[in-house]
Amino acid sequence: MSDSISLAEICISAASKAWKDDGEILATGIGLIPRIAAGLAKLTQNPDLMMTDGETYLISEPAPMGKRDVSYDQVEGYMSYSRVFDNLWGGKRHAMVTPTQIDCFGQTNISAIGDYTSPKVQLLGVRGFPGNFINHKNSIFIPNHSVKTFVNGEVDMVSGMGYKNKQLSNGKFEIKVVVTNLGVFDFNGTDNSLQLLSLHPGASVDDVKLNTGFEISISSETITPMPSEEELILIREVLDPQGIRNSIFGE
Amino acid sequence: MDKILTHDAVINNLSSGMTIGVGGWGARRKPMSLIRAICQSDLKDLTLVSYGGPDVGLLCAHKKVKKLIFGFVSLDMIPLEAHFRVSRQNNEIDVMELDEGMVQWGLRAAAMDLPFLPTRVGLGTDVLTHNPELKFVTSPYSDEENLVAMPALNLDVALLHVNKSDEKGNTQIVGPDPFFDELFARAATKTFISSEELVSTQELGGKEGAIFNRFERSLVTGVVHSVFGAHPTSCAPNYGFDMKHLKEYSDAAKSFKEYSSKYMNKTHEEYIDSVGGSEAIKNIPLPQF
């Protein structure tokens with residue numbers, strides 16, 4: 001089994017560790033890999049995590065990717081958008097998100113690229129990023145590690161705050177982990193700089209440096225651990241039986 | 001008491017330059033038949049407050065929007081709203097871009113008749129850079145924390161789509177998430193409802209039904225009976241998103257003429273026929289997330 005492990009599966013396994021020590025909070029994985037990773041975290045690292053069906057209900061078992069029969073969902077509670085806001089303002093949440101840009105301060109952008117008055121590329125809008133980042137822990141998944149995502153200077157429109165404004169968050173701001181197609185990182189380098197924790201198989205320190213628009217700390221050049229047999233079975237048979245995960249890197 | 005109105009009568013209650021709040025969320029439970037009626041009217045220079053979807057995009061495409069107060073504009077399964085993007089990228093509209101929760105806070109302040117509500121949200125972001133009108137407030141208690149004073153988002157009018165209403169404006173939102181429709185109603189001077197079903201008060205279901213009554217009838221100025229009035233957005237549990245239509249609508253951002261001649265400038269009944277008729281919409285499955 002191990003020689004056919006995909007990059008998506010390596011990323012899911014690495015990302016699932018983000019929620020390990022969170023206790024009983026709401027885990028929100030937005031997008032394909034973060035969502036499977038949050039589900040894997042609940043099934044392995046932290047069974048106390050709460051999670052939604054992707055819409056309005058809290059369910060006891062993570063919802064698998066793709067079409068499913070929702071009548072089998074084990075509903076345990078309610079999580080309308082209004083309640084999500086109430087929950088996150090209280091800090092009892094850890095989201096994993098995919099911003100379009102991120103900078104050396106950990107500031108993130110999902111609003112607009114280019115001049116703000118008439119953007120070159122209008123994106124979603126800041127959504128809940130200002131509130132999320134100032135109120136609770138977040139992690140980040142970037143499928144295309146490049147100087148376009150890890151930008152030189154600051155992001156074009158700061159949607160989620162960064163370490164340079166950490167003092168404004170009443171102690172709640174933290175970017176726990178950053179998982180990309182090249183490796184695993186956090187912001188615990190000198191003065192909260194981005195630091196490399198491990199490289200995915202086949203990626204090099206040069207790849208990381210060339211594709212990051214700012215200085216990063218290299219604390220380790222170890223290889224990202226492979227998913228365990230248990231994790232692989234859960235990913236392949238329970239969380240994503242249709243293999244939708246492998247579309248993310250065209251595997 | 002009879003609050004039943006036609007689409008045209010609602011339009012006659014609106015005027016250019018008004019601030020209009022639109023209920024729903026993204027491509028979910030938007031009062032689209034009322035939005036189309038605005039598109040077909042002489043109204044202009046509107047300020048919109050919305051958890052935006054095709055309501056914002058369609059009004060942008062018809063050049064009705066002066067200013068948009070928003071946290072996002074999205075068609076859910078199609079993440080980016082093409083018509084809104086064109087308006088933004090061509091600098092055709094003014095924007096007040098806020099965190100989703102700040103929008104809620106602004107509506108709540110208006111609902112409570114307060115000038116502002118304090119929050120940390122917005123600090124450390126360019127939401128403050130691009131909205132210099134946002135001011136701060138210092139906590140009067142010993143922490144002396146400096147917070148954003150999110151101003152009240154007072155609305156002239158709120159437009160909401162609901163599952164059921166009686167003629168007095170006793171409404172029910174039966175779908176699992178009522179979104180922030182209640183706050184839109186409370187923040188507005190007048191609220192106009194479009195409703196899938198128009199029923200007698202007895203048919204609202206008594207105590208069990210009353211759980212779904214999200215705000216009281218005194219907030220409701222008028223009710224339009226609009227079957228499939230949320231199309232092409234979803235109206236759980238009645239029908240889902242019309243993905244095929246949303247895709248055609250989205251693609252029309254390149255050239256709006258064909259879409260417009262097929263679907264605009266029609267009565268609501270003509271519109272429903274043009275998008276495939278009642279039976280087709282009734283059979284659109286609910287979305288899965």
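**Strands, domains and the chain contact**

Modeller: Let us begin with one pair: B:Thr119 stands opposite B:Val148 in S8(B). The model is predicted, so local features need pLDDT of at least 70 and side-chain atom pairs pLDDT 80 or more, while totals for chains, interfaces and linings use all residues. Residues are numbered from 1 along each chain as its sequence is written, with chains lettered from A and ligands numbered from 1 in written order.

Colleague: In which sense do S6(B) and strand S8 of chain B pair?

Modeller: Strands are DSSP runs of E, at least two residues, and helices runs of H or I, at least four, numbered from the N terminus. Two strands pair if DSSP finds at least two bridges between them. Here S6(B) and S8 (residues 146-151) pair in the antiparallel sense over 4 bridges.

Colleague: What is the order of the 3 strands in the open sheet of chain B?

Modeller: The order is S6-S8-S7, with antiparallel pairing. S6 (116-119) and S7 (135-138) of chain B are the edge strands, each pairing on one side only.

Colleague: Into which domains is chain B divided?

Modeller: Domain bounds come from an automatic or database domain assignment. Chain B has domain 1 (4-99 + 153-281) and domain 2 (115-151). Their C-alpha centres lie 31 Å apart.

Colleague: How many residues of chain B are in contact with chain A?

Modeller: Contact requires C-beta atoms, placed from the backbone, within 7 Å. By that criterion, 34 residues of chain B are in contact with 34 residues of chain A. S4(B) gives the most to this side of chain B, with 4 residues.

Terms used: Two residues are in contact if their C-beta atoms, placed from the backbone, lie within 7 Å.
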